[in-house]
Amino acid sequence: MNKKISKTPYLLSFSLLLIMALGIITSVMLFNRISNLEVSADKSGLVYYMRQYQYELSRTNIAFLAAYSPVKITKSVQSFTKWFDILWGRVDQMEAGKVGSSIVADGIKVKVLKTDIRRIDNLLFTGKTVSHENINQVHDIFQRLMSEAHRYQSSTSFVDREMAIIHQMKFYETYRHSVFYIIATFILGFLMVFFLIRKNKKLLNLRWTLEERVYKSTKEMRDSNSELKSAIEKHKATELELISSQLSDERARQKIHYQANFDSLTKLANRNLFFERFSEASKRAQHNDTVVALLFLDLDRFKYINDTLGHSIGDELLQEASRRLLHVLRENDTAARFGGDEFAIILADVNELKSIDLIVQRILKMLASPFRLSGNDAFISASIGVAIYPEDGNNCETLLRKADDAMYKAKKLGKNNSQYFTKEMDVEANQRRELEKALYRAVEDNEFYLNFQPIVNAKDQSIMGAEALIRWNHSKLGTVSPAEFIPLAEEVGLILDIGEWVLRQACLTAVTWQPNLNGLLNIAVNISSRQFQSTDVALLIEDVLQESGLTAQRLVIEITESLLMADDEKVMNQLNTIRGMGVSLAIDDFGTGYSSLSYLKKFPITTLKIDQSFIKDINTDSNDDELIKGIISLANSLNLNVVAEGVETKEQSSFLLENNCFIMQGYYYSKPLSDKKFIEVLNNKVFHNAQNLHLLPAGAGTLNVV
Amino acid sequence: MLQRIFSTLFFLFTYSLAHSQTSIELPSANKVILTVTGNIKHTNQQGTLQLSITQLKALPQKTINTTTYWTDGLIEFKGPLLRDVIALAEGTGRSIKAIASNEYLIEIPFVDIETYNVILALEQDGEALTMRTKGPIWIIYPWSDHKVLEKPKYYARSIWQLEALDISE
């Protein structure tokens, strides 16, 4: 833009020069045209001709008068002759050419003129001497011609014509002058402009460079300005980014903090935060001379609910339980979840022990009320152990362990109650921990062995098979009951190893048994629900059967009702696969759980084992009697086998036989036997231990199915 | 430019003529039909060059067939070129004043004689021109050959009954 402005003077001056030059050229051309302009011959020719005629006529007349006057003038005749010849020449050709035609057209009587001239010629030049008469006649003729010519040339039309010609000529003259002046002006202008340009060139150049410089610097300034702007903008953007990243950082930090400190499922504190809060609370307690109660809480029957109703419902239960806990707790208290159904609670700033009791009771009450979870009503309770700071310990770790011990005790004492930590508990807990350690070692060192309790056909007293039962003989602790160590093994996960060992060992042993009259003997093995949930039992069984060479038909897998109630597809598939191999499936302790008929149809169950608690009460509790009858008839209608467990007396045996249950297991027939003893019994066909020492004769009836 | 070239050529021509020709004889007084005066080098009578018809006819004769403004039909004019006559007189300048017997006077620029074959016509259709037939000398332009000449300007220069030429700067 500025560049253009700076060029303008140049453009202007050059265009001015151009205009000047064009002006000069065109006016020169015009001048040429105008200089050639003339009054047309048609107009001027006649006038000049006639003027000349008059002049010549006058001169001839004068010459005549001089030549023929009384006083002779020398050479006058010669002069007249000359002029007469001249006049003759004019008049003679007066009609000829273009000028002639215009003369005729103007009404001049050329013929008369010619005649007059010829008459003069005759009168003066034919004779040797010219008579006076002739001279007079010639004189008259000249007088007449003169007056006629004068009359003609004085006529308005002729004068007008002459004037017009003069005018026109004057005009042309004026034109010529004007154009000349125009040219001169243009040339002058051209020179001036040229001169000015030359003169101003430096100035213009100066101005141009100046403007250019200004433009440049302006541009630079603008550029740097915009750069600055963009830099500022960038800066702003970065700032914003920084802020947002800081925000997101903050959020991430918060999230991390949350994840680090809170349990994602229940939104309660996690172990981390719990420890932190405890240290704060303990400091306060020290300062204020108050105490801190540390509660360890475990939901009773939670495992069962989780197994039977599914994990999602279990999670729901945990969330609801957490809500209830928080509802009960005070502001300064902290509830934490340590995983599974284990909760820990800090009751801070406690002045009186009584208030701990109050809160604990409220917690128990709150958790004992029914839970409605996705349309299922669940009843749970809690066992709470309490440890007190600083009485029971100084650090959180110790107090937690002690509260845990107290909780364990509470659980043992029948659940839905609370226990304060006591010194005795420490001992018990230590024993338990000892046991746990021992159990680990036992698995490593293989301190287990199997006992086999015969399963008998009561009709003929023949042995149909045996249930494999695990035994543990510890070097220091002595014989440990499975009721003691199996739950512990399940708790710590050792059940997987133990269970596999039992299955393998049982099968390997059973293979060695000789067939008796009943054919090949069956071997029943307990498989924990844990095993089904954690491993592929079907695959294990297949592997063990292949390894041991035991036919699948001889193996009975005993499972608990709770496994079926979980309604797990994975479990269902495993059971179907197992049954598909030909392995029988028995429900152990039938009647103690949530007995549901639907799963009996749904799962490929072959056998029901009636729980010994029902058998024990035969003939003492009529309700149980009816229940047993019901179970038996149900099994029959579903085409399932029924086995009675824990048969201890003849009455019980008789009752069962009467009610069509003839497969039995119990002390009445035999206690669990070592492998060796069992083979012995098989060989001797006698039961040693039973008080009535039943013989085991070869029964006539054959039962292929356990 | 063209004009200058012509002038130079003309000068060279006249110069060569001047040095090649001997002096022109002065005709007797009654034989003189043309007097050249003014800026001339070749003279025979008191700074003038007096020429007779014989002397004019001695120059190369040029024939022009043309119509004129004052005559009817095509006419054959014959006579020496005006430029030859000027050359004969070694005349230099810009214009020639031509004077007729009837005291008519007109200026003829040199350009005319350099550009066109302007002749001093002595004959018309083979007959010598007399006073009564616009003679004895009539300056004729070749109108029929050059239409641009058909203008009053040139008509005016076509002087008849020519008596004298005065060459001036």
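Two strands pair if DSSP finds at least two bridges between them; keep that in mind for the sheet below. Residues count from 1 along each chain as its sequence is written, while chains are lettered from A and ligands numbered from 1 in the order in which they are written. This is a predicted model, where local features need pLDDT of at least 70 and side-chain atom pairs count only at pLDDT 80 or more, though totals for chains, interfaces and linings use all residues.

Start with chain A: 24 helices and 17 strands. These are DSSP runs numbered from the N terminus, helices being H or I of at least four residues and strands E of at least two.

Now select residues 522-526 of chain A, strand S11: five of its five residues are buried, meaning 20 or more other C-beta atoms (placed from the backbone) lie within 10 Å of a residue's own. One side carries Asn522(A), Ala524(A) and Asn526(A), the other Ile523(A) and Val525(A).

Look for Ala466(A) opposite Ile523(A). Then show strand S12 of chain A, residues 555-560, parallel to S11(A) with four bridges. Here Val525(A) faces Ile557(A).

Next, pick H13 (residues 423-445) and H14 (residues 482-492), both of chain A. Their axes, lines fitted to C-alpha atoms over the stretch in contact, come within 10 Å and cross at roughly 75°. That makes the two helices H13(A) and H14(A) roughly perpendicular, a label for angles of 65 to 115 degrees between N-to-C directions.

How values were computed: Axes are lines fitted to C-alpha atoms, for helices over the stretch in contact, and angles run from 0 to 180 degrees between N-to-C directions. Angles under 35 degrees count as roughly parallel, over 145 as roughly antiparallel, 65 to 115 as roughly perpendicular and the rest as oblique. A residue is buried if 20 or more other C-beta atoms lie within 10 Å of its own, exposed if 12 or fewer, and partly exposed in between; C-beta atoms are placed from the backbone.
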